[in-house]
Amino acid sequence: MTSSLLVAGIVTGGLLGSFAPAVGQELGNYLDYTLLALITLLFFGVRFGALVQVLGNVRFLAIALVANFVLIPLIGYGVASLFLAPHPLFMVGLIIYFMAPCTDWFLGFTRLVGGNVPLGTALIPINILVQLLLYPLYLQLFTHNLVHIDTSVIGSTLLQWFLLPLVIARIAHQALRLVMSTHHFEVILCQTDRVTPWIIAMLVLQIFAGNVGVLLEHLAVFVWVLLAVFIFFVLTYFLGEGISRLCRLHYPEHALLTMTTAARNAPLMLAVTMTALPGEPLVYAALVIGMLVEFPHLTALRHLLLGARDRFSRHGRAGSVAANS
């Protein structure tokens, strides 16, 4: 559904920007409001109480943090540099897309493949805090002045745009948790998860409607962006497989590691980047294109992991029969 909404947002925004440019520009003027709504929704759904799950899983946490925030950013930088060096703004967008692990929908896919969902829930607040703290450092480290970066402005901008929505979202989260039953509160969280893709699609529509001319000039580059994202996902899959075997992870943790290293946090990175690097539609476009490839990729991973789980179960049963005989 999310991929379809993104495509609809791109097409609708492009058509409005091309055939009704005044409407497209007017929609672009309301980007800030959509952005604030998205940021608030993302923070509202984070379950910081899940951090207690980490206490008994420090080893896995260390593995996931090294994979997500050391190895994968290096892979992402290499892939983006290889394919997009002649197009530096797209390259910056891809680097930003690659460097941040997902903090929402990867958990749904982890549940579908029988992964360790409680531990995945505990990863969400850790991932969101680490990637926000590392964002200015990684942007400066990996972009090599490809875009103008004022780290002091980035710091103040992130504080202004994210501290207030964070406070509002957490107050609303705790207030509703206190006055509602657990069941009804979980329903609210599920509804939030369902609304978020629509807000993202609206944001994409506004980006394309207000900047369609610039984006159409670089239409041919989109093919290279898609290819780079595909190669990145192939490499991260093999990285997850290699780490799982090297560290001898059980299937639930193996599945969780595969999903958390595969899924990227494009919504939050899009929001952060639009505040930290204003007026850079090509950078935003690279992030949006990454999202288009991500959902088919996660669906393919689901089939691969379910096949691996079935093989693991058959081998386990065969071993038990052999031991009993």
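Predicted model: local features only at pLDDT ≥ 70, side-chain atom pairs only at ≥ 80, totals over all residues.

Modeller: Residues are numbered from 1 along each chain as its sequence is written, and side-chain values use heavy atoms, with hydrogens and water left out.

Biologist: How are α9 and α12 oriented to each other?

Modeller: The axes of helix α9 (residues 182–217) and helix α12 (residues 266–276) come within 11 Å and cross at roughly 40°. Angles under 35 degrees count as roughly parallel, over 145 as roughly antiparallel, 65 to 115 as roughly perpendicular and the rest as oblique. The two helices, α9 and α12, are therefore oblique.

Biologist: Which class do the residues in the contact of α9 with α12 belong to?

Modeller: From α9 come I200, L203 and I207, and from α12 P267, L270 and M274, where contact means heavy atoms within 4.5 Å. Ala, Val, Leu, Ile, Met, Phe, Trp, Tyr, Cys and Pro count as nonpolar, Asp, Glu, Lys and Arg as charged, and the others, Gly among them, as polar. With no polar and no charged residues, the contact has 6 that are nonpolar.

Biologist: Is the pair of Y77 and F142 stacked or tilted?

Modeller: Rings of Phe, Tyr and Trp (its six-membered ring) pair if their centres lie within 6.5 Å; planes under 30 degrees apart count as stacked, over 60 as edge-to-face and the rest as tilted. The ring centres of Y77 and F142 are 5.4 Å apart and the planes stand at 35°, so this pair is tilted.

Biologist: How many residues apart are F98 and F232?

Modeller: F98 and F232 form a stacked pair, at 3.9 Å centre to centre and 20° between the planes. F98 lies in helix α5 (residues 88–98) and F232 in helix α10 (residues 221–246), so the pair links distant parts of the chain, with a separation in residues of 134.

Key. Axes fitted to C-alpha atoms, helices over the stretch in contact; angles between N-to-C directions. Helix = DSSP H or I, 4+ residues; strand = E, 2+ residues; numbered from the N terminus.
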